[in-house]
Amino acid sequence: VNLLDEAGFAVMRAPASGSATERELPDVLAGDGDRFYAIEAKSSSGKPIYLTGEEVEALVYFARNFGAKSRIAVRFDREDWYFFHPGDLHRTDGGNYRVKKETAVAEGIDLDELTGRSKKTTLDDVGS
């Protein structure tokens, strides 16, 4: 929330992320007039992060109805946050979702890219 605020976004943390209401709410709502996000945030001390299929479906449903982009934010070992579109997450055989630390670092976008302050360039983008 603080990092998005510092990046110029209006930010609101949902109260208790759904426990204060019968409806499932995202953890964070953020917008800057051009970009609007509904974010589910998870952190871990290093172990893979799991989200239930219901959590992800509720986030996507809320974001669509609210007019925001749904994003999953993950952080490992109190390091940087990485962001994913729900469709980019690994889906387990049981219908849940998993993010490993190495996947977050390699494939997630960082806060600067989420907020439009930078754009990731890969070796494939550069060419030979």
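**Pocket lining and buried residues**

Visitor: Which elements each supply at least two residues of the lining of the largest pocket?

Guide: In this predicted model, the residues that line the largest pocket include L3, L4, I39, A41, W81 and F83. The elements that each supply at least two lining residues are α1 (2-6), β3 and β6 (81-84).

Visitor: Which element gives the most to the lining of the largest pocket?

Guide: N2, L3 and L4 are among the lining residues, and α1 spans 2-6. With three residues, the element that gives the most to the lining is α1.

Visitor: How many nonpolar residues does the lining of the largest pocket have?

Guide: The pocket holds about 230 Å³ of space, and its lining includes V1, V28, A73 and L111. By class, one residue of the lining is polar and one is charged. The number of nonpolar residues is 10.

Visitor: Is Y37 buried or exposed?

Guide: Y37 is located in strand β3 (residues 36-44). Its relative accessible area is 4%, and the limit for burial is under 20%. Y37 therefore counts as buried.

Visitor: The backbone oxygen of which residue lies 2.8 Å from a polar atom of the side chain of Y37?

Guide: Beyond its neighbours within four places in sequence, Y37 is in contact with residues including F9, V28, A68 and L114. One of these contacts places a backbone oxygen 2.8 Å from a polar atom of the Y37 side chain, and that oxygen belongs to L114.

Visitor: What distance separates the C-alpha atoms of Y37 and I72?

Guide: Along the chain, Y37 and I72 are 35 residues apart. In the model, the separation of their C-alpha atoms is 9.9 Å.

Visitor: What is the relative accessible area of S70?

Guide: S70 belongs to strand β5 (residues 69-76). Leaving aside neighbours within four places in sequence, its contacts are A38, L59, V60, A63, F84, H85 and P86. S70 is buried, and its relative accessible area is 9%.

Visitor: What is the angle between the planes of F62 and F66?

Guide: A search of the whole structure finds two aromatic pairs. One of them is formed by F62 and F66, with 5.4 Å from centre to centre. This pair is stacked, and the angle between the planes is 15°.

Visitor: Why are F62 and F66 separated by about one helical turn?

Guide: Both residues belong to helix α2 (residues 53-66). F62 and F66 are separated by about one helical turn because their spacing in that helix is four residues.

Methods:
Residues are numbered from 1 along each chain as its sequence is written. This is a predicted model: local features need pLDDT of at least 70, side-chain atom pairs count only at pLDDT 80 or more; totals for chains, interfaces and linings use all residues. Side-chain values use heavy atoms; hydrogens and water are left out. Buried means under 20% relative accessible area, exposed over 50%, partly exposed in between (1.4 Å probe, protein chains only). Contact means heavy atoms within 4.5 Å. Rings of Phe, Tyr and Trp (its six-membered ring) pair if their centres lie within 6.5 Å; planes under 30 degrees apart count as stacked, over 60 as edge-to-face and the rest as tilted. A polar contact is a pair of N or O atoms within 3.5 Å; within protein, one must be able to donate a hydrogen and the other to accept it, and residues adjacent in sequence count only if both atoms are side-chain atoms. On a 1 Å grid over the protein atoms alone, a cavity is a set of points where a 1.4 Å probe fits but cannot get out, and a pocket is an open set with protein on both sides within 12 Å along at least five of seven lines; lining residues have an atom within 4 Å of a point. Grid points are joined across faces, edges and corners, and a volume is the space filled by probe spheres set on the points. Ala, Val, Leu, Ile, Met, Phe, Trp, Tyr, Cys and Pro count as nonpolar, Asp, Glu, Lys and Arg as charged, and the others, Gly among them, as polar.
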